[in-house]
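Thank you all for making the time this morning.

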Amino acid sequence: MEKTEISLNEYRVLEFIKDRKDVPEDSINMDSDRRIVSSAVSYLEFKNLIDTKKVYYDYFTVTEEGEKYIENGFPEEKLYKLLEERKKCSMDEIKNYLKEDYRIAIANLAKLGIKPSNGEMSYSGENLITIFNEKRNELSEIMEGKTPDEEALDEFIHRGLVSKRKYTKRIININKEGIKALENYGSGNYIEILTPALIASGKWKEMKFRPYDLNSRVEPLNGAGLHPLTYLIEKVRKIFLEMGFTEMHGHFIEYTGWNMDMLFIPQDHPARDLQDTYYVESKNPVEFENPEILEIVKKVHEHGYGKYKGWNYKWSEDEAKKLILRTHTTVNTIRYLYNHKEKPQFIFSIEKVFRHESVDWKHLSELYQIEGAVYGGDVNLSTLKWLLSEFYGRLGFKNIRLIPSYYPYTEPSMDVAVDINGKEVELGGSGIFRPEVTKPIGLREPVLAFGLGLERLAMLYYGLNDIREIYNSDLDWLKNYKIRF
């Protein structure tokens, strides 16, 4: 049997691991560049001289903001101590004391049971210092390489205090063939590099060169490629363009009047709470876009439209002029149709939205939404069902479920759902805009609308079980991700 030739670096790797078991690749010390070691390991694996297995690790690091909290305390901790000292504080006092951190402090202290009421917050008497100390200790332990419990880790990642990265490590063991190759290696008789000095001296004539197999495997050359989410965005965009839709665009920062009031969402709806929506401060006076709609919205909210009842409360213009990070891209649709009332209209967008969600396996606080609408005189609920089935069918998903649902601005409404490993996952919502949304702004025909989550779609598309995996920085996955369809 012909013996297997190995290079000097391969020999050195085998020599290092021959008397060791389960050797991590990054522990191999050859006083060489790590890439040289990795290349030698890859060649030995290809030649079946070693046995390898991959071990996947999560690596957590505390961010700059997290380090600041460790040193100076959490914003909610500062607020708690302020309330403990003064017993009661107005929202303006809290804002002046905590500056830009006051929203974070209020939201997180509310989760611990101390909530704003009538424009102020009061000390509850409950001792929360232990909780804050535990959180600070858990953050410190992450800096030391320890991992806290999953609930604390999820909170830190959600708040941007800890970043998560994945990396892969190869564990190596020499096998029988590797031992033979090591024993047969003639390091004193082979040279691998022909240098100018060897040529000039003529010694190369006496040397024995190591044979090279020109058909052997080489290290892969990784070229540039699209991120899997970018790839999916381009695919979705192409599908809509092929179906005759026009792409529209909107703004990250919106007025609540456009984002919510125009969609017949009442001003006391829970979605407007600090716990659900990111509000934005502006040092400059707010100039409302299309101010003429304010009077329209006021009438619809307070008194309804025609035979359709409103919400029967006193509508606030100041509330409508507040700035937020948009919570959906349906605002793109209503603004576009307000400015383009001619029919028919087939419109879509694929843009980011922001929600104060608890991040878990199927929720993100910053995500892409696939938004679309059809405005025309001959469309109905059957049209919407066909449209959703056609869209997902072109992506390769044949079995979707349309479930009756409720949204303040559509009637009837449907959720789009599929199963992932036995778990039902909602991909998005859809429906026909209510007359209170469309008719006051001059839209006389039905408007079909849908908002679908891109990341949840990506979970199906790439066979992922956790929505957070889409944004991980695992280079192996990013280089080798596979499409299921």
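Let me begin with a term: a residue is called buried under 20% relative accessible area, exposed over 50%, and partly exposed in between, with a 1.4 Å probe and protein chains only. Helices (H or I, at least four residues) and strands (E, at least two) are DSSP runs, numbered from the N terminus. What you see is a predicted model, in which local features need pLDDT of at least 70 and side-chain atom pairs count only at pLDDT 80 or more, while totals for chains, interfaces and linings use all residues. Residues are numbered from 1 along each chain as its sequence is written, and side-chain values use heavy atoms, with hydrogens and water left out.

With that in place, please look at helix α9, residues 176-184, where G178, A181 and L182 are buried. Seen down the axis of α9, these buried residues fall within an arc of 100 degrees, so they line one face of the helix; the arc is taken from the directions from the helix axis to the C-beta atoms. On the other side of α9, K176 and E183 are exposed. And what do the buried residues of α9 pack against? Their partners are α1 (8-17) and β5 (162-174), where contact means heavy atoms within 4.5 Å.

E25 is a charged residue, and with a relative accessible area of 12% it is buried. Leaving out residues up to four places away in sequence, E25 touches R34, V37, S38, V41, R170 and I172.

On a 1 Å grid over the protein atoms alone, a cavity is a set of points where a 1.4 Å probe fits but cannot get out, whereas a pocket is an open set with protein on both sides within 12 Å along at least five of seven lines, and lining residues have an atom within 4 Å of a point. Grid points are joined across faces, edges and corners, and a volume is the space filled by probe spheres set on the points.

How many cavities of 30 Å³ or more does the structure hold? There are 2, and the largest cavity contains about 60 Å³ of space. Its lining is made up of D261, M262, F264, I296, V297, V300, H301, E436, V437, P440 and I441. Helix α13 (293-303) and helix α17 (435-438) each supply at least two of the lining residues, and the largest share, 4 residues, comes from α13. By class, this lining has 8 nonpolar, 1 polar and 2 charged residues, where Ala, Val, Leu, Ile, Met, Phe, Trp, Tyr, Cys and Pro count as nonpolar, Asp, Glu, Lys and Arg as charged, and the others, Gly among them, as polar.

The second largest pocket has a volume of about 960 Å³. It is lined by 38 residues, and the closest to its centre are T327, R355, E357, Y407 and E426. Two or more lining residues come from each of β13 (366-375), β16 (423-433), β17 (447-453) and α18 (454-462), with β16 giving the most, 6 residues. The classes here are 15 nonpolar, 15 polar and 8 charged residues.

Finally, some backbone details. F264, one of the residues lining the largest cavity, has a positive phi near 65 degrees although it is not a glycine. F264 is placed in the loop between α12 (256-259) and β10, and at 2% relative accessibility it counts as buried. K99 also has a positive phi, of about 55 degrees, and is not a glycine either; K99 sits in the loop between α5 (91-98) and α6 (102-110), and at 52% relative accessibility it counts as exposed.

As for cis peptide bonds, one joins K343 and P344, with omega about 0 degrees, and P344 is in the loop between α15 (330-339) and β12 (345-354). The peptide bond from E411 to P412 is cis as well, with omega near 5 degrees, and P412 is in strand β15, residues 410-420.
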